Amino acid sequence: MVGDGAWGEVLGEMGVLRGEARTRDREIAEQLYEARDSIPSAYLFEAARRYASFDPDQAVYVFPRSRTDTL
């Protein structure tokens, strides 16, 4: 598949996000989570990874949700 939200595009963008400085964890996690209803659910995996560094309880909530939404 190609186009907006296709897996190839999502994985590429997630690779870019993963390269962002860990000092931006809070900012990135919160932006992704706030946009959860309008972005592909796979981005919530990155939000969970970022939340783990400063809010483990939120990470534990977001990770299963990202998995469920993605499936």
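Predicted model: local features only at pLDDT ≥ 70, side-chain atom pairs only at ≥ 80, totals over all residues.
Biologist: Why is Arg50 called buried?

Modeller: Its relative accessible area is 0%, and buried means under 20%. Arg50 therefore falls in the buried class.

Biologist: What makes Asp25 buried?

Modeller: Asp25 has a relative accessible area of 4%, and the cut-off is under 20%, so Asp25 counts as buried.

Biologist: How do you know that Arg50 and Asp25 form a salt bridge?

Modeller: The closest N and O atoms of Arg50 and Asp25 are 2.7 Å apart. A salt bridge needs a side-chain nitrogen of Lys or Arg within 4 Å of a carboxyl oxygen of Asp or Glu, so the pair qualifies. Arg50 lies in helix α3 and Asp25 in helix α2, 25 residues apart.

Biologist: What makes the buried residues of α2 lie on the same side of the helix?

Modeller: In α2, residues 25–34, the buried ones are Asp25, Ile28, Ala29, Leu32 and Tyr33. They cover an arc of only 125° around the axis, which puts them on the same side of α2. An α-helix has 3.6 residues a turn, so residues three or four places apart point the same way.

Biologist: Which helices do these buried residues pack against?

Modeller: They pack against α1 (7–18), α3 (43–51) and α4 (56–70).

Biologist: How is the packing of α2 and α3 described?

Modeller: The angle is about 145°, and the axes are 8 Å apart. The crossing of α2 past α3 is left-handed. The residues of this contact divide into eight nonpolar, no polar and four charged.

Biologist: Why is the pair of Glu46 and Arg18 called a salt bridge?

Modeller: The closest N and O atoms of Glu46 and Arg18 are 3.8 Å apart. The limit is within 4 Å, so the pair counts. Glu46 lies in helix α3 and Arg18 in helix α1, so the bridge ties together parts that are 28 residues apart in sequence.

Biologist: Are these two residues buried or exposed?

Modeller: Glu46, at 1% relative accessibility, counts as buried. Arg18 has a relative accessible area of 48%; exposed means over 50%, so Arg18 is partly exposed.

Biologist: Why is Asp37 called exposed?

Modeller: Asp37 has a relative accessible area of 68%, and exposed means over 50%, so the word applies. Asp37 meets Arg65 in a salt bridge. Arg65, at 24%, counts as partly exposed.

Biologist: How many salt bridges does the structure hold?

Modeller: The structure holds nine.

Methods:
Residues numbered from 1 in each chain as written. Heavy atoms only, no water. Buried < 20%, exposed > 50% of the residue type's maximum accessible area, 1.4 Å probe, protein only. Helix = DSSP H or I, 4+ residues; strand = E, 2+ residues; numbered from the N terminus. Arc of directions from axis to C-beta. Contact = heavy atoms within 4.5 Å. Axes fitted to C-alpha atoms, helices over the stretch in contact; angles between N-to-C directions. Left-handed = near helix turned anticlockwise from the far one by under 90°. Nonpolar A, V, L, I, M, F, W, Y, C, P; charged D, E, K, R; others polar.
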